[in-house]
Amino acid sequence: MKRAQSSQESSVLQNESGTLEITRHTDRSSETAGILKKIVLENFLCHDRLEVKFNEKINFIIGKNGSGKSAVLTGIVVALGERASATCRGQSIKDFVKTGKSKAVVSVTLINKGKGSYKRNIFGDTITIERTINASTGSGGYKIFNEQRKLISDKRSDLNRILAQMNIQVDNPVCILNQETAKNFLHSNDAQQKYKLFERATQMDAMRNEYSVAEDEISRSKACMKEKLQSLEILNADKNKWKTKKEWYDAINEIHDKKTKLENEIFWAQVEVFEKKASEALQRKNHQQSEIEKARVKIQEHEQRLVELQEKFQNRRSDAVEKKKELQIAREEFSVVDNQLTEMKNRHGTFQNDLRQLGNEKQRLIKDKAELKAEIDKLNREYGDSEHAKRKERREAELHQLNEKLENLESSRKVSEHQVEQLKNALMQLRNETLAVRSELTRTHNSLENKKKTLAQLQKSDSNSCAVYGDWVPKLLQRIDRTSFRGSKPKGPIGSYIKLRDRSWAPVVEHYFGPRLSCFVCSNDEDAKLLQKIVHEEAPRNGQAPKILVSCTNGQVHDVREHKVHCSQELISKDIHCLMDMLIIEDNEVTNVLIDLNGIEQVLLIGNDRDACYLLSDSSRVPYNCKSAITKEGNTYHPDPNYRSYCGRVGNTARYLQASVEDAIRNLHEEIENLQRDEIRISQNLKNFSMQIQNNEGQLRNEESKLSSTRREISDGQRKKKTLELENVEGGSTDVLALEEDLVDVENKLERIDDDIQTKTESFEELKREMQKLRQIVNQHQATISSLMADSGPLQDSFRFMETQQKNIKETIEKLSASLASMQSKLDSFEADYEEARAKAESEAALAAQASSRAPVTKSLKNLNSELRQLEQQIVAQEKELGSRDHVFAEYRKRKADFERAFEEVTGVQSSLKKMMDMSKKRKDFIKGFRNSIESRTYHIFRALLRTRNFEGELSFDHNEKTLSLMVVPPGRDGSSQPTSKRGRDSGATDIRSLSGGERSFATVCFILSLWDATESPFRILDEFDVFMDHVNRSICMDLLVTEARENSGRQFVFLTPLGLEKQQLNNMDDLSIFRMDDPNRRE
């Protein structure tokens, strides 16, 4: 805050008569920021809404008591941030809200141009400060608007900056003199109160408080300085004690110098030992590197030879493939011809059997013909009775009918047997299908129960992703974490370390890896055995325990750049990827296991079978290093030249390779729903099959009953037929007509047999001719096959020889690679030994260099250590008397450093303390001079203002007692009988207690005007200053105030009075505004 000062230039002059006069020079053209422009009160005290616009110079607010004049002053004070107690109108800010209203709003607009303006580029020419008061809590807030009524800030700190910039002193009673303060001030004759008012108006109290704080700080600094000086004396005495011991040791430095020289030489001797070890390690490392290079050259030579053999093998293979195709074609043709020849041989045998049977049949028929003829002749001779012929005819007719019935029954029997056979076959098929459906239902039910059990386990797993491998796996992992292993902790399950860049491949990749996803990886065999024991203890008895793999690697992923299948951008755009690129594996050992066991760097993932067939069926299109490929359908393909494919079956979802347990639970829910639907469908199918079996069994029983009945009828007919035939035989006569018919039949059969024999004989001859031709063709094919096999024999031998060579070369390469890996491991060990030896040598050299520069080593390390021990024994004898030399020197250096640091600190503190004391003295002198200047100025201005009414008087200051007395002599009164003051002892001034009320008010107004001159503020406000003045004194004081206000350019004056103004006082007053308050409503 700015110190109290006058905005006017004034000077104190002495006239010719020796009287001191005041002369003031005012710059009327200047403008001052902070002048009140407008105030708006809403629901504040007695006002519903009141707006008062202020003149930039002089303002009178006139109104009767109770009209709300003082509410305007209170609103200004409250809006500018003061507390309720500072207004003397209430103890709480919420008391200012009008009764019955929920809140009050006070808004004050300040001019923001001229001297002291605040951020005019942001706020413009005016700043409006608005404060809201809540009736219930008294809380609210500030809003600060610019000239365009735009909200700029709502912070109290910004309001404080504005008031400080414009030098608005809201708490200064001289700048804002409220009604209560004015009443107390005018009636009070307390000199101490007036002195306090003077100090607050000129801010001397604030300067005195700041000076007291500085004096207290100086006192504390002096006390601290005294303690530091005492400590410094103690440190100096301690330093001198150790200095005496050091000086004694300086006299025997020769032994220590020799010891130091020996120690340095020992240091460098040790350095040479380590350098020798590093050199030997480097030689071993270089030799091992040379051996590795030789092994690599051998491997390259064998690999080159293997490539040449493979190329040669490939060329031979193409020839062999052609020969194989020719041999296959020849064998196929031979097989066709041989089958034809076999068929003809079968036909030849059939023809021979048929001709033999026909010959036998012919001989039998000839014999039967002769017998029939003889029998007919005999019957003709023996029987000639027609009655016998008639009986025979009746029996023949009955026998004929019986034969027809038996034929019909036989046909029915065959039909029934066929029907029964069909029903039995259908019933067997239905039973087989029912058994298959029941098995499927059992499998579906078991799978459903397993899924439900797995789901329950996952839901109890607390989102542990490893629970998908079994509910006991999280417990196993906790056991592994608690167990100490020789090597690194086992890794597993392997699937928990694997993520996929494209999750659509998860089912296929999971099917490809199979049970390996559940495996664990150990770094050595002992850890594998320990883990096997733990797994055996934790795994369920009826469950399948995971396999344990051992991988001994150095923690780095295998370098597979030379063997990895290459996928171009074109292939990637067709959804063709390398399996290794598709996987995100979190552990290097797991990556190495999958490379070693599954060759993931040489496996392709192909989106569909069509692309797989096209890409892998021709060796020219097969990507380099590709060994196999799998498609999203689960089919596996092997590339040309051994192109082949295997069908696979992949589910829709993956169990293990999922993002989280939540995904597994969601997929299990879907699978359970599908299985439940399948179970319902299969159960319905089983029910349908059962119904069909029941129907077929009923039909089978009916058909079997019908067949049994038919068979009984056939049996009865056959017995009856046999009886009739016996009756014919027993009749003792033979039907001549029947025999003649039989004879005709025999003759006809003989004719047919002769025709058949002739036809079959011709066909037989034709068949023999065709067989002869086929034998010739078969012989030709056999010769061709023999020739091709004879040609392929050497090729097969060559293949086997080259395969043996390739196998031997590969075994050699594997051995060399294994040896190379061993040699590389040794090289790594040698490298580590060398780096360790080199680092040790460098560190020892660095330590030795810190002690001394490199010294030549003339003796062995053993001799040097012996000499050093002798010197140390001499030094020990000395140190028994004074203590360790190093300890003495170290303690002396420490004590010296402590003393110097403390001395430097004390010196700095003394310098700072001296500056503080000088500054305090200067400040004290300044405050005294400033107070004297303000006192003198106020004194002379007060006397000058009193003389405007021919009063005499003075101000009496007593800074020791902190009192201020106003000594005034009205015109025409002798003040010689009154006590004198410090100033103007010959002036006859009297204390204002002897004055009348109007004279005392006039003197008080003069005192206030004199304080105004010493106070810097853009506006002054007086409330009811004239209520105790008579008409004459009020008129004089009013003229004095108006004159003072008009002469102060850049200052605003606001006077609140319940009394009216005389019209003559307003003449020629363009810079004066009067605001008249409405009369109070006494009925409220």
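The structure is a predicted model, in which local features need pLDDT of at least 70, side-chain atom pairs count only at pLDDT 80 or more, and totals for chains, interfaces and linings use all residues. Residues are numbered from 1 along each chain as its sequence is written, and side-chain values use heavy atoms, with hydrogens and water left out.

The protein has 21 helices and 24 strands. These are DSSP runs numbered from the N terminus, with at least four residues for helices (H or I) and at least two for strands (E). Of the 1084 residues, 41% count as buried. Buried means under 20% relative accessible area, exposed means over 50%, and partly exposed lies in between (1.4 Å probe, protein chains only). Contact means heavy atoms within 4.5 Å. Among contacts between residues at least 6 apart in sequence, 76% join residues at least 24 apart.

Two nonpolar cores were examined. A nonpolar core is a set of buried Ala, Val, Leu, Ile, Met, Phe, Trp, Tyr and Cys residues joined through side-chain atoms within 4.5 Å. The largest one holds 61 residues. Ile494, Val509, Leu583, Ile600 and Leu604 touch the most other members. A second, separate core has 45 residues, including Ala33, Phe44, Ile93 and Phe1019. In soluble globular proteins, nonpolar side chains tend to be buried together. Leu604 has contacts beyond four places in sequence with Val565, Cys567, Ile576, His577, Cys578, Leu615, Pro623, Cys626, Ser628, Ala629 and Ile630.

Val509, a member of the largest core, is one of the buried residues of helix H10. This helix spans residues 506-513 and is mostly covered, with 6 of its 8 residues buried. Just after H10, Gly514 takes a positive phi of about 65 degrees.

Helix H9 (residues 473-482) packs on helix H11 (residues 525-538). The angle is about 145 degrees, and the axes are 10 Å apart. Axes are lines fitted to C-alpha atoms, for helices over the stretch in contact, and angles run from 0 to 180 degrees between N-to-C directions. From H9, Lys475, Leu476, Arg479 and Ile480 take part. From H11, the partners are Leu531, Ile534, Val535, Glu537 and Glu538. The contact residues divide into 5 nonpolar, no polar and 4 charged. Here Ala, Val, Leu, Ile, Met, Phe, Trp, Tyr, Cys and Pro count as nonpolar, Asp, Glu, Lys and Arg as charged, and the others, Gly among them, as polar.

Arg131 sits in strand E7 (residues 126-134). Its relative accessibility is 15%, so Arg131 counts as buried. A polar contact of 3.0 Å joins the side chains of Arg131 and Tyr142. Such a contact is a pair of N or O atoms within 3.5 Å; within protein, one must be able to donate a hydrogen and the other to accept it, and residues adjacent in sequence count only if both atoms are side-chain atoms. Beyond four places in sequence, Arg131 also meets residues including Val78, Glu82, Ile93 and Val106.

Ile1021 belongs to strand E22 (residues 1019-1023). With a relative accessible area of 1%, Ile1021 is buried. Ile1021 and Leu73 are 948 residues apart in sequence, yet 7.9 Å apart in space, C-alpha to C-alpha. Further contacts of Ile1021 include Leu36, Ile76, Cys175 and Leu1056.

Some backbone features stand out. Most residues other than glycine have a negative phi, and most peptide bonds are trans. A cis peptide bond joins Gly492 and Pro493, with omega about -10 degrees. Pro493 is in the loop between H9 and E11. Another cis bond joins Asp640 and Pro641, with omega about 15 degrees. Arg149 has a positive phi near 65 degrees and lies in the loop between strands E8 (140-145) and E9 (151-153). Arg149 counts as partly exposed because its relative accessibility is 45%. Asp575 also has a positive phi, about 65 degrees. At 24% relative accessibility, Asp575 is partly exposed.
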